[in-house]
Amino acid sequence: MASVDIVNARKSYGDQEVIHGVSIGISDGEFVALVGPSGCGKSTLLRMIAGLEEITGGDIRIGDMIVNGLPPKDRDIAMVFQNYALYPHKTVAQNMGFALKLRKVSKSEIDARVQKAAEILGLIPYLNRYPRQLSGGQRQRVAMGRAIVRDPKVFLFDEPLSNLDAKLRVQMRAEIKELHQRLKTTTVYVTHDQVEAMTMADKIVVLHDGIVEQIGSPLELYDRPANLFVAGFIGSPSMNMFNGKIRAGAKPFFETASGARLPLAKAPESSDGRDAVYGIRPEHLSLGGDLNIKVTVIEPTGAETQVLGKVGEDKINGVFRERVTTKPGDLLAVSPDLSLVHLFDLKTGNRIG
Ligand SMILES: Nc1ncnc2c1ncn2[C@@H]1O[C@H](COP(=O)(O)OP(=O)(O)O)[C@@H](O)[C@H]1O
Ligand SMILES: [Mg+2]
């Protein structure tokens with residue numbers, strides 16, 4: 001096992017820089033998710049750690065060693081890709097043991113390690129099957145088994161669950177998390193799915209256009225997003241946001257651009273008239289209160305009710321545990337939990353306070 005340190009790493013393709021000086025510290029045994037929209041540089045960064053991409057600037061350290069110039073095979077990492085890249089003409093056992101065979105590990109040692117990984121992954125009954133005789137989830141497990149048998153210092157995952165259906169994805173993410181709790185191997189896990197990142201990781205790195213927007217535990221990012229990008233990216237459904245001005249004074253409030261008034265517990269110091277964005281998550285609205293939503297759509301899911309509507313000219317989304325007996329066109333009275341309101345500077349997008 002080992003820590004991974006990425007210090008001011010840069011990557012250019014030709015004269016186009018796609019990773020702009022990224023620094024991330026990953027402790028020994030930690031499970032870190034790199035999350036961000038498609039094209040933000042997640043795979044590139046992961047491939048830089050793996051040694052599959054040369055780095056243009058900065059340093060990457062695995063354990064005590066700077067690995068910038070080290071070829072992938074000497075980095076003691078194992079990578080699991082989205083398309084599992086299994087050999088179709090090899091059995092499950094042969095697929096899992098192949099990397100060890102290339103390294104001239106003895107047959108008895110390979111058998112023992114494959115057996116142990118297959119036990120961990122529930123693959124014992126399938127060891128003599130070929131990939132085409134397996135379900136998607138079983139193939140995914142074989143791909144992980146291939147990584148496990150190598151007993152690497154670091155696991156790297158690049159969107160390993162993207163090819164699975166929704167139900168299997170939820171099951172596999174719990175399995176991978178459990179696996180990590182068992183093996184405690186340092187893991188870097190790339191996903192575009194913030195729910196996957198939130199549910200699996202000890203620490204999340206939010207990437208956007210080749211820069212780090214914020215690093216923190218899942219709940220740190222949810223509770224105190226550092227800027228508008230993270231606020232909008234983390235949490236589902238997304239945080240409601242309103243552009244407008246802070247009105248300080250004896251009874252402070254927020255005035256949206258279309259003139260609606262949103263409640264504030266208190267205004268930040270000398271913020272009267274400041275252009276800002278008011279954020280409140282859908283699940284932090286409760287029924288009853290002074291804020292009227294003009295209802296457009298109601299979505300009951302059984303466990304909760306989602307209400308879409310408008311406040312002034314702005315769209316708003318509320319999620320309630322209760323069943324809501326309102327209909328489109330009605331006004332629904334709600335109130336934001338004042339301790340869970342977020343304010344951001346309109347120009348910089350950065351959190352205020
Ligand atoms: N081999 C390459 N040559 C040129 N540009 C590339 C190459 N690989 C990736 N890119 C660009 O780098 C950026 C990041 O890509 P990538 O790391 O694949 O994003 P993600 O995995 O977050 O979707 C994208 O703009 C992509 O077009
Ligand atoms: Mg990618």
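1. Which residue just after α2 takes a positive phi? That's K104, with a phi of about 65 degrees. Keep in mind while looking at this that the model is predicted.

2. Staying with α2, which covers residues 92-102, have a look at what points inward. V92, N95, M96, G97, A99 and L100 are buried in this helix. Among the elements that cover those buried residues are α3 (107-121) and α4 (136-148).

3. Now the overall picture. The protein chain carries eight helices and 19 strands. Its C-alpha trace spans about 75 × 45 × 35 Å along the principal axes. As for burial, 47% of the 353 residues count as buried.

4. Surface and charge can go together here. The accessible surface of the protein chain is about 17100 Å², and carbon and sulfur atoms account for 49% of that. There are 44 positive and 41 negative side chains, with the centres of the two sets 6 Å apart.

5. On to ligand 1. The residues around it are Y13, V18, P37, S38, G39, C40, G41, K42, S43 and T44. Which helix gives the most to this shell? Helix α1 (residues 42-50) does, with three residues.

6. The polar contacts of ligand 1 are worth a click-through. On the backbone side, a polar atom of C40 sits 3.2 Å from a ligand oxygen, and a polar backbone atom of G41 is 3.0 Å from an oxygen of the ligand. From a side chain, S43 brings a polar atom to 2.8 Å from a ligand oxygen. As for cover, the protein takes up 55% of the 570 Å² of accessible area that ligand 1 has on its own.

7. Last stop, Q194, which lies in helix α6 (residues 194-200). Is Q194 buried or exposed? Buried: its relative accessibility is 10%, and the cut-off is under 20%, so Q194 makes the buried list. Leaving aside residues up to four places away in sequence, Q194 touches V35, F233, I234, G235 and S236. If you want a distance to check, the C-alpha atoms of Q194 and D28 are separated by 23 Å, and these two residues are 166 apart along the chain.

Key. Residues are numbered from 1 along each chain as its sequence is written. Chains are lettered from A and ligands numbered from 1 in the order in which they are written. This is a predicted model: local features need pLDDT of at least 70, side-chain atom pairs count only at pLDDT 80 or more; totals for chains, interfaces and linings use all residues. Side-chain values use heavy atoms; hydrogens and water are left out. Helices (H or I, at least four residues) and strands (E, at least two) are DSSP runs, numbered from the N terminus. Buried means under 20% relative accessible area, exposed over 50%, partly exposed in between (1.4 Å probe, protein chains only). Accessible areas come from the Shrake-Rupley method with a 1.4 Å probe; for residues, only the protein chains shown count as cover. Lys and Arg count as positive and Asp and Glu as negative; His and the chain ends are not counted. The place of a charge is taken as NZ of Lys, CZ of Arg, CG of Asp or CD of Glu. A residue is near a molecule or strand if one of its heavy atoms lies within 4 Å of it. A polar contact is a pair of N or O atoms within 3.5 Å; within protein, one must be able to donate a hydrogen and the other to accept it, and residues adjacent in sequence count only if both atoms are side-chain atoms. Contact means heavy atoms within 4.5 Å.
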